[in-house]
Amino acid sequence: MPRPAVSLPQTFVAWLWPYLDAFSGRTRSTVAALAVGAVLAVGPRTAANLLRALGLADDPGFAAFHRVLNRNRWSGLKLARTLLNALVNAFVPDGPIVIGVDHTLERRRGVRVRPASHCFDSVRSSTEQTVTSRGLRWMTAMLLVEVPFAGRIWGLPVLSALVPSRAWCEAQGRHYRPTTVWARGILLRLHRWLPDRLLVAVMDGEFAALTLLDAVSPHMVTITRLRLDARLFDPPPDPPLTLRQIMKSARQPSLRARLTDKVTVWHRAAQPSRTRWRPGGWIDYASGTALWHHQGKPIVPILWVMVRYPDGRRDPEAFLCTDLSVSPRTVLEWFNRRWAMETTYQESRAHLGIETQRQWADPAVFRTAPLLFGLYSLITLYVHQNAGRLALSPRRAIWYPKPAPTFADALARLRQHLWFEQAAMSPAEGDMLRSPPSFLRRLVDVACYAP
């Protein structure tokens, strides 16, 4: 069967070509077309919708696009490593690299989506009601960096892995691994890819597991939430006086007790702001060092930081850091970057079609969402490297004085750039460039069928 032929924007494809090294030579042009279609498509990111955006609705070679996801062999890890190196060189050429690790639920229905399971749905749940939904649970590592054209911290996905259900693992003869084990594997792989850089792993309280901290703390700085009733101990004396004091000494007061203890020394500071144009409130914080221990678990030395809010808008919180030399203010600033991951998940659903895929084959299920998450980072990187030529600006209105561009603005500007480049590729007749009817039909079709 002949390979599908489509006219693609040459500038973007040439920039994208180094990332296509993970694919075979015959597949690279097809993957490049899929990437352009995923950017131009509006609505569901199904293969059929991507083909319509490319003007290939009548092409008999459409099966080649489906085979990229459900049959062809290519390395997702090689693609992720190339993306990670490009993002690090562009946004954090020196200094510590802050990596956020979290998981999200991609809601998928249907018995043919076999790795799916019923999981806690944090988006639909509240303090009064807990909601579970059937879907795919994705573990994602994001680079938490400040994007210059946006003036704020963004979460740029670099590596995603599916946490399959226990039933699917048993049916496939695989050992089921919980989320903490997946997080350990992702972080250690990132350390192998960047052995000479200081990594700072920022995670929520679900990943505050002693086994996870003990495995990754020799290779990177780890920051998570900490329970207020955690068992904290003093370090052992030198030399230890008893056999029990070889590993730890006397138990410290709990963090909950320190909240009302008059001996606790509190410092007031301005809360780190998530944006440059929105100031944060005031917080009081106290800190100290201890050994965190639980029966049957390894002992991990930590720096604990406890925060209370003078205006009472939130309950007191506690955080831990496995590097005892880091200042408490730096711990809070690094952990505050984690909130950018929630924005990335929301924008990926709204603008990149996460949860709109319809694949049933296991290889396609495992591949599509990581590619869409990686597309988020690719779009950000392309706009950052071509900011002067694209002249990015936020979409404003008299009722909405938007201070800085968001991902929606970056995606819209890239779409505009790709559409204009394809329109300029039409053949010239006389002194004018006339867009061919096929190009106009594509543009009108995308606009009219937009959700």
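User: Is Arg-268 buried or exposed?
Analyst: The model discussed here is a predicted one. A residue counts as exposed when its relative accessible area is over 50%. Arg-268 has a relative accessibility of 54%, and therefore it is classed as exposed.

User: Which residue forms a salt bridge with Arg-268?
Analyst: The closest N and O atoms of the pair are 2.9 Å apart, and a salt bridge requires a distance within 4 Å. Arg-268 belongs to strand S8 (residues 267-270) and its partner to strand S9 (residues 282-292), so the bridge ties together parts that are 16 residues apart in sequence. The partner of Arg-268 is Asp-284.

User: Is Asp-284 buried or exposed?
Analyst: The limit for a buried residue is under 20% relative accessible area. Asp-284 has a relative accessibility of 6%, and therefore it counts as buried.

User: How many salt bridges does a search of the whole structure find?
Analyst: One of them joins the side chains of Arg-107 and Glu-355, with an N to O distance of 3.1 Å. Arg-107 lies in strand S1 (residues 97-107), whereas Glu-355 lies in the loop between H11 and H12, so this pair ties together parts that are 248 residues apart in sequence. Over the whole structure, the number of salt bridges found is 19.

User: What is the phi of Glu-355?
Analyst: Glu-355 is not a glycine, yet its phi is positive. The phi of Glu-355 is about 80°.

User: At what angle do the axes of helix H2 and helix H4 cross?
Analyst: The axes of H2 (residues 28-40) and H4 (residues 63-70) come within 10 Å of each other and cross at roughly 95°. That makes H2 roughly perpendicular to H4, because this class covers angles from 65 to 115 degrees. The crossing angle is therefore given as roughly 95°.

User: How many of the eight residues of helix H3 are buried?
Analyst: Helix H3 spans residues 47-54 and is mostly covered. The buried residues in H3 are Ala-47, Asn-49, Leu-50, Leu-51, Ala-53 and Leu-54. Of the eight residues of H3, the number buried is six.

User: Which residue follows H3?
Analyst: This residue has a positive phi, near 80°. The residue that comes after H3 is Gly-55.

User: Which residues form a nonpolar patch on the surface?
Analyst: Together the members of the patch have about 480 Å² of accessible area. One of them, Ile-398, is in the loop between helix H13 (387-390) and helix H14 (407-424), and it counts as exposed because its relative accessibility is 82%. The patch is formed by Ile-398, Trp-399 and Tyr-400.

User: Is Ala-391 buried or exposed?
Analyst: Ala-391 is located in the loop between H13 and H14. It has a positive phi of about 55°, although it is not a glycine. With a relative accessible area of 53%, Ala-391 is exposed.

User: Which residues does Leu-378 contact, leaving aside its neighbours within four places in sequence?
Analyst: Leu-378 is placed in helix H12. Its relative accessible area is 15%, and therefore Leu-378 is buried. The residues in contact with Leu-378 are Trp-15, Leu-16, Tyr-19 and Leu-83.

User: Which residues does Pro-301 touch, not counting residues up to four places away in sequence?
Analyst: Pro-301 is part of strand S10 (residues 300-308). At 38% relative accessibility, Pro-301 counts as partly exposed. The residues touched by Pro-301 are Ala-290, Leu-291, Cys-321, Thr-322 and Leu-324.

Key: Residues numbered from 1 in each chain as written. Predicted model: local features only at pLDDT ≥ 70, side-chain atom pairs only at ≥ 80, totals over all residues. Heavy atoms only, no water. Patch = residues over 30% accessible without salt bridge, like charges linked within 9 Å, V, L, I, M, F, W, Y side chains within 5 Å. Areas by Shrake-Rupley, 256 points an atom, 1.4 Å probe, with all protein chains shown as cover. Helix = DSSP H or I, 4+ residues; strand = E, 2+ residues; numbered from the N terminus. Buried < 20%, exposed > 50% of the residue type's maximum accessible area, 1.4 Å probe, protein only. Axes fitted to C-alpha atoms, helices over the stretch in contact; angles between N-to-C directions. Parallel < 35°, antiparallel > 145°, perpendicular 65-115°, else oblique. Contact = heavy atoms within 4.5 Å.
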